[in-house]
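Welcome! Here is a short tour through one structure, heading by heading. Please keep the viewer open as you read.

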Amino acid sequence: MIHNTRISKRVKEKHKKAIRSIIKGLSRKVEVYKQPRKLECPNCYFDKFTESSTGKCKWTPVQAIQQQIDYEDEGGEDIRYRYFKFGRCPVCRGQGYLTTQRKVWADCIVTWDPQAGRNSVTYTPAGTEGSTIVQLKTDPKNYDLFKNSSG
Ligand SMILES: [Zn+2]
């Protein structure tokens, strides 16, 4: 390992640029599905014992409308608050919770893994492999992403 002070800044920048362009050529955008997030239904009371909806709305009709307006004001797009008298909650369909599928794109270095068999590609998250090239692209944000991904 060469100590940092022994390489001039200019050389380092040049080196970085070259490596960046190599990575750009090797990396692919990969769609990552994060673990679906479970969110207690905002519209009905959740029953912890049966792990489903109690079938009771949290709101009066007026409150439900107001909550939905507030939610949309904050950028919400789906129906989160809708009054119902009893029975199956229209928001969570009686489940008591909402699951949101989270999908993100990440830059990856695509490598072949001979051990995984023919025609299989492993998507190695940039930054977690040992080589110097990949290390330079380390993005802790992406690393967390892959640790938490479901597939
Ligand atoms: Zn509900």
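## The zinc site

Along the sequence, the residues that donate to the zinc ion follow the spacing C-x2-C-x44-C-x2-C. The model you are looking at is predicted. The donors from the protein are the SG atoms of Cys41, Cys44, Cys89 and Cys92, and they lie 2.2 to 2.3 Å from the zinc ion.

What arrangement do the four donor atoms form around the zinc ion? The angles they subtend run from 104 to 115 degrees, so the arrangement is tetrahedral. As a reference for your own geometry checks, the ideal angle for four tetrahedral donors is 109.5 degrees.

## Cysteines and disulfides

A disulfide is a covalent bond linking the sulfur atoms of two cysteines. How many disulfides does a search of the whole structure find? The search comes back with zero.

The cut-off for a disulfide is 2.5 Å between the sulfur atoms. Cysteine 57 has a relative accessible area of 13%, so this residue is buried.

## The fold as a whole

Stepping back, the protein chain is built from four helices and five strands. Read from the N terminus, their order is α-β-β-β-α-β-β-α-α.

The protein chain has 151 residues, and 26% of them count as buried. Its exposed surface comes to about 11,600 Å², with carbon and sulfur atoms supplying 51% of that area. Among contacts in the protein chain with a separation of 6 or more, 59% are between residues 24 or more positions apart.

## Salt bridges

Side chains of opposite charge can pair when their charged atoms come close. Taking a nitrogen-to-oxygen cut-off of 4 Å, the count here is two salt bridges.

One of them joins glutamate 13 and lysine 16, with 3.7 Å from N to O. Both residues belong to helix 1 (residues 9-26), where they sit three residues apart, about one turn of the helix. Glutamate 13 has a relative accessible area of 40% and is therefore partly exposed; lysine 16, at 34%, is partly exposed too.

Aspartate 78 and arginine 80 form another salt bridge, and their closest N and O atoms are 3.5 Å apart.

With 57% relative accessibility, glutamate 51 is exposed.

Arginine 93 also has a positive phi in a residue other than glycine, here near 55 degrees. Its loop runs between helix 2 (61-73) and strand 4 (97-112). Arginine 93 counts as exposed, at 58% relative accessibility.

Methods:
Residues are numbered from 1 along each chain as its sequence is written. This is a predicted model: local features need pLDDT of at least 70, side-chain atom pairs count only at pLDDT 80 or more; totals for chains, interfaces and linings use all residues. Side-chain values use heavy atoms; hydrogens and water are left out. A salt bridge is a side-chain nitrogen of Lys or Arg within 4 Å of a carboxyl oxygen of Asp or Glu. Helices (H or I, at least four residues) and strands (E, at least two) are DSSP runs, numbered from the N terminus. Buried means under 20% relative accessible area, exposed over 50%, partly exposed in between (1.4 Å probe, protein chains only). Donors are N, O and S atoms within 2.8 Å of the metal (3.2 Å for Na, K and Ca); water is not among the atoms, so sites may look incomplete. Four donors count as tetrahedral if all angles lie between 85 and 135 degrees; four count as square planar and six as octahedral if opposite donors are over 155 degrees apart and all others between 65 and 115; anything else is irregular. Contact means heavy atoms within 4.5 Å. Accessible areas come from the Shrake-Rupley method with a 1.4 Å probe; for residues, only the protein chains shown count as cover.
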